[in-house]
Amino acid sequence: MPSTRAAEFASSLDRQLASLSLPERLRLVAGLDGRAVFTTSLGIEDQVITAAIGLAGLPIDVSTLETGRLFKETVDLMAETEERFGIAIRRFHPKPDDIDAYAAKYGLNGFYESVEARHACCHVRKLVPLAEALDGARFWITGLRRSQSGNRAATPFAEYDAERDLIKVNPLADWSLDEINTYVEAESVPTNPLHRRGYPSIGCEPCTRAIKPGEPERAGRWWWENDEKRECGLHVPEAAASAIPTPA
C-alpha cells in the first residue's frame, strides 16, 4: 500500500478505535486484511493486551524480544503467561555475531559510557530482532500509553510507521495505570513481581532501576542519561543508533 494511502487508512483506523473497548479494538484489528503482530515486553500493560488476545482467542501473533539481558523474573513470566492464556509467545533473539561485534567495539557493558554505545546496544539486542518479528506484518500492536511519559503524551490509537511500512496500533493509548491495575485484578492476569518492588517500567536488567516516589513511570530506564526523552529506538526512530559495528 502506498505510504499516502497507508497514512490515510491509519488516520481512519485511529478514529474508529477511539470509541471502542480494548477487546473491540483488538478484534477489529484482528479482522482486518493482513497479519497482526503484538510485541510484548511482559510489562503490566503488555500483559493486559496478551490477556485480552488470549481470552478472546484472537488470531494475533504474540512475540517478545529476548535480549539476553532480561531480568529472571521477566523470563519466568513468559512461561507462566503462556500457560495461563493458552498461547505461544514467540521469542526473537539478537544475533551472536552482532553481540560479539558490539562487545569488541564498546565492551559488554559499554552502554554506560555514552549515548552512542547505548543506542548501539539497543540496536543489536532490540531493533534487529524487532525487524525479524515484524517481517511480513501489516499491523504492529504495542502497549504504549499516553500517561507513561511526556514523550508519549500524544500517542494515537493508530498511526502509519513509515520506517517499517506498517500500521502501528496502540490499543491502550488512553488507559491510565489505575485502569490497567483494575483489569489485572479482574482477569487474574499474571504480572512481573518487579512491579511490586518499584519497577513500573521494566527493560533489560542492567538498564533498569526502581523509581523513587514522585518520579515518572519510565524514570528508571537508562537513568544515567540526562536526556528526558530517553528511548531505545523501538518507538522513536531518531533514538536508534546511527551505525552498528559489522562483525568481522
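In what order do the 6 strands of the open sheet lie? In this predicted model, where residues are numbered from 1 along each chain as its sequence is written, the order is 3-2-1-4-6-5, and the pairing is mixed. Local features need pLDDT of at least 70 and side-chain atom pairs count only at pLDDT 80 or more, while totals for chains, interfaces and linings use all residues, and side-chain values use heavy atoms, with hydrogens and water left out.

Strands (E, at least two residues) and helices (H or I, at least four residues) are DSSP runs numbered from the N terminus, and two strands pair if DSSP finds at least two bridges between them. Strand 3 (89–92) and strand 5 (158–161) are the edge strands, each of which pairs on one side only. Direction ignored, neighbouring strands of this sheet are turned by 30 degrees against each other on average, with axes taken as lines fitted to C-alpha atoms, for helices over the stretch in contact, and angles running from 0 to 180 degrees between N-to-C directions.

| Strands | Sense | Bridges |
|---|---|---|
| strand 1 (residues 36–39), strand 2 (residues 61–65) | parallel | 3 bridges |
| strand 4 (residues 139–141), strand 6 (residues 166–169) | parallel | 3 bridges |
| strand 5, strand 6 | antiparallel | 4 bridges |

Val37 has Asp61 in strand 2 as its bridge partner, whereas in strand 6 Val169 stands opposite Ile141 and Ile167 stands opposite Tyr160. Strand 5 and strand 6 form a hairpin with 4 residues between them, and in its turn Asp165 has a positive phi of about 55 degrees.

Helix 4 (residues 72–85) lies across strand 2 and strand 3, and runs at about 155 degrees to strand 3, contact meaning heavy atoms within 4.5 Å.
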